[in-house]
Amino acid sequence: MRYRIVALAVVSVLAMAVPAGATTPRIAPAGAGPKPPGPTPPPGTTPPPGAPNGEAWAWTQLTSGGTQIRYVSTDTSQTCPVVRYTLGGTRNPFTLHRLSTPMGSQFPTTVCQRTVPLTASDAVLEQTSIQAATVHPANRQLPLPKWTSKTRPGKIAVIGDAGCEVPTTGPVQNCANHQTGWPFQGIADSAAGVTKPDLVVHTGDYLYREDPGRANDKAANPGCTTFADRASWDCVVADFFRPAEALLAAAPIALTRGNHEDCNAAQQGGAGGTWFRYLADDLRSNGSCSRYSAPSLIPAGTLTLASVDSSFADPNDSGSTAHRNIYAGQFQAVNQAALQNPTNDYFVVTHKPLWMVTGAGQPPNSAEWRTHVLDAAVADTPQHRLADNVRLVLSGHVHLYQMLDFNTSRPPQLTVGSSGGPLDKGPNDNNVVGQLIGTPLQAVHKSITAEANPPGGVGVFGYAVLEDNGGTWKLAFHDTAGSPVTGTSCTLSASKTNKSFACP
């Protein structure tokens with residue numbers, strides 16, 4: 001809660017115009033996948049010989065364009081490696097495509113990418129094609145989806161607000177303490193080793209080092225040590241890739257932009273430029289930044305993650321409803337896609353929550369909740385709500401874990417902002433139940449907030465786990481060791497008109 005802030009085909013035309021400044025939605029049709037890539041380039045196009053140098057990171061990211069292997073390296077060859085995987089019983093090598101080359105001190109990298117068919121398996125980077133002296137993961141094996149176009153991930157780990165907060169003024173988080181000060185690495189290790197997910201979803205906020213010179217772990221992060229280094233590739237590694245290494249090696253990941261990945265005044269470089277160069281659904285090579293990204297529909301078999309960029313929604317968290325027309329267009333695009341695929345489940349993934357309660361006195365009208373502009377935008381769609389098969393809203397921003405449901409067609413709000421950043425204080429759940437929030441006003445049916453000393457105490461570090469439960473979903477919050485937290489284990493109802501969790 002810190003105040004910083006694809007297309008394979010278009011499924012339909014928006015019923016309402018998208019205002020100037022908003023981009024056309026990138027929508028991938030359900031069940032669609034990338035075309036099999038062509039063969040590796042002929043001899044003579046392999047990387048030039050030379051002493052290996054630099055460091056490379058590779059991971060698998062779900063996007064609206066399909067499953068993508070991404071590779072970022074600081075080596076000087078400016079070449080892309082070869083990945084070998086099995087497809088249709090045949091194992092072949094394929095060269096990643098180069099997307100960008102080094103650009104100033106903020107982006108001293110070559111970025112490469114390859115879209116991999118859903119039916120591919122056993123992806124490994126060819127050692128002889130890697131020019132970097134060090135590569136992560138060290139075994140060069142990259143996780144691929146375990147689901148098909150007719151199934152969905154069996155287990156999903158949800159993390160959010162994971163970076164170490166180092167502001168230009170005020171208290172600095174203890175980044176060097178990975179147990180209690182900044183436990184993101186322990187959370188990621190537990191999610192990878194204990195939970196063993198098929199998919200990871202990050203609800204946003206990766207870059208918290210606004211002044212790296214004030215951090216107490218600079219020795220471990222060369223290249224991310226001064227104010228001038230903020231939002232550089234080395235700081236992305238420090239805040240995200242290095243602590244998440246085991247998790248990224250365990251499962252594909254889907255990423256959503258947070259308000260910390262904001263645009264600067266020039267709309268060039270900065271944290272927002274970093275997002276679009278390395279982490280966005282559709283990567284850029286010019287360092288530019290846009291405040292309003294198009295929504296992206298990310299297929300995961302019969303589950304679709306509808307990623308809505310809320311990074312600039314109510315920047316000061318003041319309750320403003322400015323730009324609701326932009327977000328209404330985005331939610332309408334999600335609704336239209338969901339209505340065209342009524343048998344699929346949709347999760348809206350957006351950094352800022354639609355209905356998360358941060359404080360409450362006695363019900364029914366004393367709740368403080370986030371984020372009014374997004375709620376108003378949903379109400380402004382022709383349906384005046386989210387489609388019936390939108391089963392959950394996944395968010396972060398507030399540094400807590402909270403599950404709210406309404407026992408209506410409104411989907412439950414799951415907030416997971418407790419994976420590393422300084423924790424916030426939560427509400428008294430007893431007071432949250434019965435509060436009237438949203439448009440139209442609806443009473444909270446159930447509220448579960450993970451707090452160290454409830455009611456109304458500071459939150460608990462951890463992550464959420466969603467498991468396929470034969471047509472519906474099981475949910476639990478897990479602590480830093482990977483153990484389910486008592487009282488958070490729930491099962492989502494199968495009903496699409498009375499969406500609620502049963503939590504024995």
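Reply: Counted in sequence order, the bonded cysteines of the protein pair 1-2, 3-4, 5-6, 7-8, 9-10. This is a predicted model. It holds five disulfides. Three of them are described here.

Take Cys 80 and Cys 112. Their S to S distance is 2.1 Å. The angle about the S-S bond is -85°, and the link is left-handed. Cys 80 sits in the loop between strand S2 (66-73) and strand S3 (82-87), and Cys 112 in strand S6 (residues 110-116), so the bond ties together parts 32 residues apart in sequence. Cys 80 is buried, at 11% relative accessible area. Cys 112 is buried too, at 0%.

Next, Cys 263 and Cys 289. Here S to S is 1.9 Å. This link is left-handed, with -85° about the S-S bond. It connects distant parts of the chain, 26 residues apart: Cys 263 is in the loop between strand S12 (253-255) and H4, Cys 289 in the loop between H4 and S13. Cys 263 has a relative accessible area of 9% and is buried. Cys 289 is buried at 5%.

Then Cys 490 and Cys 503. The sulfur atoms are 2.1 Å apart. The torsion about the S-S bond is about 110°, so this disulfide is right-handed. Cys 490 belongs to strand S26 (residues 490-492), while Cys 503 lies in the segment after strand S27 (501-502), so the pair ties parts 13 residues apart in sequence. Why does Cys 503 count as partly exposed? Its relative accessibility is 23%, and buried means under 20%. Cys 490, at 3%, counts as buried.

Note on methods
Residues are numbered from 1 along each chain as its sequence is written. This is a predicted model: local features need pLDDT of at least 70, side-chain atom pairs count only at pLDDT 80 or more; totals for chains, interfaces and linings use all residues. Side-chain values use heavy atoms; hydrogens and water are left out. A disulfide is a pair of cysteine sulfur atoms within 2.5 Å. Helices (H or I, at least four residues) and strands (E, at least two) are DSSP runs, numbered from the N terminus. Buried means under 20% relative accessible area, exposed over 50%, partly exposed in between (1.4 Å probe, protein chains only).
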